[in-house]
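Please have your viewer ready.

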Amino acid sequence: MPEILLDDILLPEEVAKKLQVDIKRLMRLVKRGEIPAKKIGKGQWRFKGSEIAKWFEDWQLNTFDPNRKAGEIIGAFNGKKKDRV
């Protein structure tokens with residue numbers, strides 16, 4: 001089991017600041033399971049810094065997903081709403 005350093009555990013406010021996003025946007029990503037996080041209690045979320053760094057690196061590489069974009073276009077033709085981020 002890999003060792004977890006306390007320096008590596010971040011609060012939502014710290015992650016939002018590092019990613020330069022609004023805390024509300026960050027929490028929407030968390031609740032949709034789009035960003036790695038652990039719930040440790042009612043409304044208490046924690047993030048592992050190394051997982052956030054990997055998520056961000058992977059996200060940057062996959063910013064444009066032609067399959068997702070094609071799905072949005074097809075959905076628009078079929079009258080489906082586009083997902084909000």
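What covers the buried residues of α2? The cover includes α1 and β3. Let us set out the ground rules before going further.

## Ground rules

This is a predicted model, in which local features need pLDDT of at least 70 and side-chain atom pairs count only at pLDDT 80 or more, while totals for chains, interfaces and linings use all residues. Residues are numbered from 1 along each chain as its sequence is written, and side-chain values use heavy atoms, with hydrogens and water left out.

Helices (H or I, at least four residues) and strands (E, at least two) are DSSP runs, numbered from the N terminus. Buried means under 20% relative accessible area, exposed means over 50%, and partly exposed lies in between (1.4 Å probe, protein chains only).

## The two sides of α2

Leu-26, Met-27, Leu-29 and Val-30 are the buried residues of α2. They cover an arc of only 155° around the axis, so they sit on the same side of α2; the arc is that of the directions from the helix axis to the C-beta atoms. On the other side of α2, Lys-24 and Lys-31 are exposed.

## The nonpolar core

A nonpolar core is a set of buried Ala, Val, Leu, Ile, Met, Phe, Trp, Tyr and Cys residues joined through side-chain atoms within 4.5 Å. The largest one here has 13 residues, and those touching the most other members are Val-15, Leu-19, Leu-26, Val-30, Ile-35, Phe-47 and Ile-52. Two or more residues come from each of α1 (12-19), α2 (23-31), β3 (44-48) and α3 (49-61). With four residues, α2 gives the most to this core.

Leaving aside neighbours within four places in sequence, Phe-47 is in contact (heavy atoms within 4.5 Å) with Asp-8, Ile-9, Leu-10, Leu-11, Pro-12, Val-15, Leu-26, Val-30, Pro-36, Ala-37 and Ile-52.

## The sheet

Three strands form an open sheet in the order β1-β3-β2, with antiparallel pairing. Its edge strands, β1 (9-10) and β2 (38-41), each pair on one side only. Two strands pair if DSSP finds at least two bridges between them; β1 and β3 pair over two bridges, in the antiparallel sense. Across this pairing, Leu-10 stands opposite Phe-47 in β3.

## Salt bridges

How many salt bridges does the structure hold? There are two, where a salt bridge is a side-chain nitrogen of Lys or Arg within 4 Å of a carboxyl oxygen of Asp or Glu. In one, Glu-34 meets Arg-32, with the closest N and O atoms 2.7 Å apart. Glu-34 counts as partly exposed at 37% relative accessibility, and Arg-32 counts as partly exposed at 37%.

Another joins the side chains of Asp-58 and Lys-54 (2.9 Å, N to O). These two are four residues apart in helix α3, so about one helical turn separates them. Asp-58 is partly exposed at 29% relative accessibility, whereas Lys-54 is exposed at 52%.

## The aromatic pair

Rings of Phe, Tyr and Trp (its six-membered ring) pair if their centres lie within 6.5 Å; planes under 30 degrees apart count as stacked, over 60 as edge-to-face and the rest as tilted. The structure holds one such pair. Trp-55 and Phe-56 form this tilted pair, at 6.5 Å centre to centre and 45° between the planes. Trp-55 is buried, with a relative accessible area of 18%, whereas Phe-56 is partly exposed at 30%.
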